[in-house]
Structures are given as C-alpha cells and as structure tokens.
Amino acid sequence: MVHHQNKAIREGDNPDLTAERVTGTFDTHSMAAQIYNSEAHARRRREITEIIAKRPELHDTKPFPFMTREEKILESSRKLTLITKHMNEIIEPNNSNEMFHLNNEVLGIEGHPMALHGIMFIPALTAQASEEQQKKWLTRAINREIVGTYAQTELGHGTNLQNLETTATYDVATQEFVLHTPTITGLKWWPGNLGKSSNYAVVVALMFIKGKNYGPHTFMVPLRDEKTHQPLKGITIGDIGPKIAYNVTDNGFLGFDHYRIPRTNLLMRHTRVEPDGTYVKPPHAKINYSAMVHVRSHMITGQAIMLSYALTIATRYSSVRRQGQIDTTQPEVKVLEYQTQQHRLFPYIARAYAFVFAGAETVKLYERVLEEVATGNVSLMADLHALTSGLKSVVSHYTAQGIEQARMACGGHGYSQASYMSEIFGVAVGGCTYEGENMVMLLQLARYLVKSASLVKTGQSSKLGPLVAYLGAKSDSTSLIDRTPTTGFAEYVKTFQHIARRQTLKAADKFFGLMEKGEKRPIAWNKSSVELNRASRLHTRLYIVEAFVRRVEEVADPRLKEVLTDLLHLHVNYELLDMSTYALEDGFVSSSQLDYVRDQLYFYLAKIRPNAVSLVDSWEFSDQELRSVLGRRDGHVYENLFAWAKASPLNKTDVLPSVDKYLKPLMESARASKL
Ligand SMILES: CCCCC/C=C\C/C=C\C/C=C\CCCCC(=O)SCCNC(=O)CCNC(=O)[C@H](O)C(C)(C)COP(=O)(O)OP(=O)(O)OC[C@H]1O[C@@H](n2cnc3c(N)ncnc32)[C@H](O)[C@@H]1OP(=O)(O)O
Ligand SMILES: Cc1cc2nc3c(=O)[nH]c(=O)nc-3n(C[C@H](O)[C@H](O)[C@H](O)COP(=O)(O)OP(=O)(O)OC[C@H]3O[C@@H](n4cnc5c(N)ncnc54)[C@H](O)[C@@H]3O)c2cc1C
C-alpha cells in the first residue's frame, strides 16, 4: 500500500478528489498538529472522531435542514444527555478543547441546551465567584446538576452596559438584593439558552445601595424550580423566536418583578457588599466583564474553524465539479483550475490559517491574564481587552465574507442547504454582533491606540506596550518590497507597520485637532470614529500577519514550512493589495511595487494549487462534523445530492395536501371556466 502525505485518501473515493490528494507535498496529520497547536491534541481529535463514528446513537438521525426547530432541540437534548453520560469514555475529564470538538462533532454548530452553560456561565462563576460561592454552585454546574446562562443584554440596551435597566437594589433590612425590570425595554433579551433550558443565570444588573448606582454587577440568580423546571414566582421568561441561524439555542427573554435574592448571590470574588451595605470595590473597574473576554478570546479560533468548514466544502467540491474548458480542445476542467476560483478561495484558506494562529496566541494571553487576575494583578487586562476587541471584530468580519465567497464558489448547489453553507454563514455572522458589536469593539481598541498615539506624540514612546511598540518607531522613507534581495517577510511587516502607524497617528491627530478647535471630547470622538476604526482594523491585521510570521518561523518540518511559507506569501500580498489605498496615498509603496505584489499573488495562487485540498483536509473535519453533502470527504457528491433530495420531507408523498386542497381545485375551476 502506498503511503500518501495526505491522510484522507481512501479507496473508492471520487478519483478527481484522490488525484488532488496525491499531489499534496506535506503530511496532513503534521499540519493538523500545527492547526490544533500540538500533536497530542490533533491525535485526540482524531480518536474522538473515531469513537463517535462507531456510536450510531451519537449521529444525526436525519439531516438538520429536514428537521423543525422543535425536532432539532429534542434531538440535540437526546445527544447531549448521551454525551454527558458517556463523557469520560470519550474525552479527558474537564478538557475544554476536547469538549469543544466533541460538541462540534455530535451536537454541531447550531447550539444545544447547554451551550451558554459551558461558554459563559461556568467561566463567569470560575472568574467571579468567591471560593465559598464556587463550592456552592460551580461544582454543581460542572456536574450539570444545574444549567445556567449569562443574562446581560436587554431589549433596549446591549452595547451600553451603563444604561441597562435591570436593577439590583440592596435591602439592608433583609440583606437581600431586589431584582426588578421596570419597563419592557429592560427585559433581558438574547441570552442563549435562557428561554427554555436554563434554571439559573448569571444576571448583569445595575447595583443600587442606599440610592447610589454602583454600575453593572453580576449576580447568581435561580430562575426555575430545580424539580419542576417551572419559572419561579416573580420571573417572566421565554424564547425570543427563530433567528437567522443558531436555532437549536433557545435565546430568551427574562423579566423580574421585585424578585429577591440573598446578598451572598452577588458574585464576590473581586467585589463585595457587606451586610450593612458597605461596598468594597474591585481592583479593576471592568473585572466583572471577564466572561465576555473569555468568549472573545476563544471565538477567534471558533471563527477560523467555521471559515475552514466552508473552505473545505468549497475546495473539495471545486475539485469534483467540472464545468467548461480552458483549452477548448480538452475536456471540461475542474472548476478549481480557474484562476478566479483560486483567487476566491485560496486567500481565505490563508486567512483561516492566519486566524487560527492568532487565536492560539490570544488564548495563551487570556490564560495568563486569568491566572494573574486571580492573584490580584490586573496590569494586562487593558492589553487583552484591546487585542481581543480588535481580533473578534476583524476575524468575524472576514470569516463571514469568506464563507459567503465559498458559498458562491459552489454555484447553484452552494445555495442548497445540502451544502450546509447557509447555516455555517448564519452561525458565524452572529459573531459580528455577539460579544460586542464589531464597530463598537473596534472603537474600544481605538481608545487604546489613541492613548498610545498620545504617548508617541509626547515623546514617551518608551512607555508603549509590546503590542503597539511599532507606533513609536520611524518608517523607512519608502517600502523596500521588491527593492532588496531578501526573501523573508520583514519588508512586508514594515510596510504593514507603516500603514497602521500612519493611519493611527492621522486618526488621533484628527481627534485631538477637533478638540483643540473646541469640540467636546465625545463629539470629537464621534467625528473621528470612522478613521479611528480604520486604524483599529489595520492594527489588528498587522497583528494577524505578525502572528502568522511567528508561527512559520517556529515550524521545523521543511515540507510544512514550505507550504506554510507559500500561504504566508499569499496572505501578505493579498492583504497588501486589499489595503493598497493606504499604501499608495503617501507614496510609501509605488504602483510598480504593487504590480510586483500582484505578480507575487498570482504566482502563489498557482504554487498553492496542488496543495489546496491537502490544506483544507488538514483541518481533519469528519463528514459528521461538516454536515455537508458537497463537502463529503469521498467526493461522491452527485449521487448523494440526489439521495438527499429524495429524503426531503416534501417527497414523502407524490401529491401534497396543498395540491389536493388548493391547486387541483384551482386548475379544475380554470379548466371548467374554459368550457
Ligand atoms: C474551548 C472553549 C470555546 C468557547 C467559545 C468558542 C467559540 C464561541 C462560539 C459560539 C458562541 C456562542 C454564543 C455566543 C454568546 C454570546 C454572548 C454575548 O453576547 S454576552 C453579551 C456581550 N455583550 C457585550 O459584549 C457588550 C459590549 N459592550 C461592552 O463590552 C461595554 O459596554 C463597553 C463597550 C466595553 C463599554 O463598557 P462601559 O460602558 O462599562 O465602559 P466605559 O465606562 O465607557 O469605560 C471604557 C473603559 O473600560 C475599559 N474596558 C472595557 N471593557 C474592558 C475589559 N473587558 N477589560 C479591561 N478594560 C475594559 C475600556 O478599555 C475603557 O478604558 P479607557 O479607555 O482606559 O477608559
Ligand atoms: C446570536 C446571538 C447570541 C447572543 N447571546 C447573548 C447572550 O448569551 N447573553 C447576552 O447577554 N447577550 C447575548 N447577545 C446579545 C449581544 O451581545 C448584543 O446584541 C450585542 O452586544 C450588540 O448589542 P446591541 O444589540 O445592543 O446592538 P446596538 O448597540 O443597538 O447596535 C446597533 C448599531 O449601533 C451601533 N452602535 C451602538 N453603540 C455605539 C457606539 N457607542 N458607537 C458607535 N456605534 C454604536 C452599532 O455599531 C450597531 O451598528 C447575543 C446576540 C446574538 C446575535
């Protein structure tokens, strides 16, 4: 038996797809170890996939698109119960990476009844509950004796937390907080799994003590009777209805009617309210926002994975789809031969790799900050907040764009739910909104950049943190791309630094200039905000390039290094062309240099072509996880599309009741009136 570098090859596969895999120049298992940050984790992913493949009770009973929302929720609850029961046979206890993979394989991306329980409820209790509170609630939550969510957003306010309407008013006499929703707009609205599944929530409410507003604080709140699951007295609760996607999750609404909880339900790891109402403030004003930072840090990788789902589907399908000829004397070509198709897909393959590498760095920084904050050191919180705010915005934006390109790259079949593209898009694009609307989060990063710019302008560049140190450096007079013999990426990085620095300093100048002309700070901020957000995007895209460069430098295996270097070349050239306005406007890059960048781009599209399928196969998504007929590993698309169509609920009968009831009588009466 021949040992191929691409480990996805099986006998009986579509030969067009096998031919693609045979040309792969690197070992896809080794590449998976890069993507998932260790050989051990990549291997565990495969083992988990194999275990699940052998347990039919963990498979979908029918394709998700053929189920109603109620059926999907029932089905995901069935599987959730099974994986909870057999968790220790499938994954290592409390290994969140393995749990994430198990969920993606078995439950899928549309959510499940305990999605927010794992993503926010447990992280909020872990970071914000005191040890005593953790003994009371965290163990029960981890054991899944109780199910919780994170209820912050309201019908009327999501971004602006200072203006939430839900209040928690301290009653010194009874040592209780009274939770109250004064208006309809104060109803909690959106929290995942709040509507029907959760019996507890970490609720964010404005805390009032003796008439003074202490701002948003987090409280552990029982919502439903633990035995009957009926809502408790004083609680109004329900599902907010179907959404663009993510409909297995019961995003909900919640109102409180003077609902009392003990004082000790305020999460008190960093903040305290004494029985007499004395407030002990936390070491950092935003320490209670930790559950949001948790999701923002992890969602970079989550988004990269969803982008890669779509690219795996589109790249595999483009290798079996034949349409038209390039040389008219030859047979029809695989659509992947078209340069336009390569240009549509390959730069996003490069971006997906770039995002997953940046995501790994972000999680590392998050874990470090989490440990430091637990010991009272809050010095890196602002850096982490700035970094994650920028990354969540830029990555979710390009992920949504990339998925949509991948869908269109599949032609008509991309529009069928058999491709699963619409769900992948719908779930991923939610990331542009949840955990902070993208524009708003870019503006959070801009605050950090403006402070940094002000250090530069006042001659204090030595005080700049490592993420923004480049702002204090001097640029070359022009870019040296194509002007030096170097084959590395240093000139590209310098060019991206120049672009981000120039835009940051220019946007900050605009902001400071408006204030000097007498505008009040918030007005000047608003009038500069488009330019400020441009700076945030450029800064974040620079960070992503640098993370990619750092990773490629670390790789030892020469075959992996070569293909990752090709991808990085593609990435930097594509990114530079995409932001060429900034590069050209001060003459830092000339139009002849851009011609060189364009040539490089086309060169690397062609160079990557033989590795394209191996690059997407390296993510090692099983068919169960992808849930896409077009993206099947074996490439047998057409027969399975036909089988899928035949399974459509509409095909259960030859004549639909709607035809009997309406269309037949309509046609009959039309015929009769003609007589
Ligand atoms: C392996 C595990 C995998 C898990 C996950 C993987 C993938 C995920 C997949 C699926 C996800 C599924 C479901 C999604 C769930 C989504 C849940 C939610 O959406 S929860 C709700 C989220 N809501 C928001 O994000 C609201 C956005 N708004 C805000 O964050 C804030 O209001 C604000 C915009 C930041 C402003 O806050 P505030 O009004 O309090 O601030 P100001 O007083 O203006 O001060 C700003 C000041 O504070 C600093 N700051 C703000 N936040 C932080 C922070 N977190 N840390 C540190 N510092 C912070 C900010 O920098 C300003 O500082 P300065 O400039 O110095 O004044
Ligand atoms: C799928 C999904 C899951 C969610 N899950 C949860 C959950 O589990 N728990 C929870 O509490 N919430 C959840 N949310 C809510 C989510 O966090 C909020 O919708 C999000 O933070 C955006 O807030 P908003 O809806 O108030 O948008 P808005 O702030 O009303 O945004 C509307 C527009 O106004 C702009 N805007 C607002 N403020 C500013 C500003 N200061 N400067 C410039 N522009 C501004 C925005 O950029 C946007 O264009 C979820 C939402 C979705 C879609």
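Mentor: A residue is near a molecule or strand if its C-beta atom, placed from the backbone, lies within 6 Å of it. This is a predicted model: local features need pLDDT of at least 70, side-chain atom pairs count only at pLDDT 80 or more, and totals for chains, interfaces and linings use all residues. Residues are numbered from 1 along each chain as its sequence is written, while chains are lettered from A and ligands numbered from 1 in the order in which they are written.

Trainee: Ligand 2, then. How many residues surround ligand 2, and which are the closest?
Mentor: 21 surround ligand 2, and the closest are Gln152, Thr153, Gly158, Thr159 and Met439. β1 (148-151) and α13 are the elements that give two or more residues to that shell. Helices (H or I, at least four residues) and strands (E, at least two) are DSSP runs, numbered from the N terminus.

Trainee: Which element gives the most there?
Mentor: α13, with three residues.

Trainee: And ligand 1: which residues are closest?
Mentor: Lys286, Gly302, His385, Tyr434 and Gly436, out of 31 that surround ligand 1. α8 (290-320) and α13 (438-457) are among the helices that supply at least two residues each. α8 gives the most, with six.

Trainee: How do the residues of the ligand 1 shell divide?
Mentor: Into 14 nonpolar, 14 polar and three charged. Ala, Val, Leu, Ile, Met, Phe, Trp, Tyr, Cys and Pro count as nonpolar, Asp, Glu, Lys and Arg as charged, and the others, Gly among them, as polar.

Trainee: New topic. Which residues touch the most other members of the largest nonpolar core?
Mentor: Ala310 and Ile424, in a core of 170 residues. Such a core is a set of buried Ala, Val, Leu, Ile, Met, Phe, Trp, Tyr and Cys residues joined through C-beta atoms within 7 Å. Buried means 20 or more other C-beta atoms within 10 Å of a residue's own, with C-beta atoms placed from the backbone. α8 gives the most to this core, with 17 residues.

Trainee: What does Ile424 touch?
Mentor: Leaving out residues up to four places away in sequence, Ile424 touches Ile109, Met306, Tyr309, Ala310 and Ile403. Contact here means C-beta atoms, placed from the backbone, within 7 Å.

Trainee: How much of the whole chain is buried?
Mentor: 46% of the 675 residues.

Trainee: And how many helices and strands?
Mentor: The protein chain has 22 helices and eleven strands. The C-alpha atoms fill a box of roughly 90 × 80 × 65 Å, taken along the principal axes.

Terms used: A residue is buried if 20 or more other C-beta atoms lie within 10 Å of its own, exposed if 12 or fewer, and partly exposed in between; C-beta atoms are placed from the backbone. Two residues are in contact if their C-beta atoms, placed from the backbone, lie within 7 Å.
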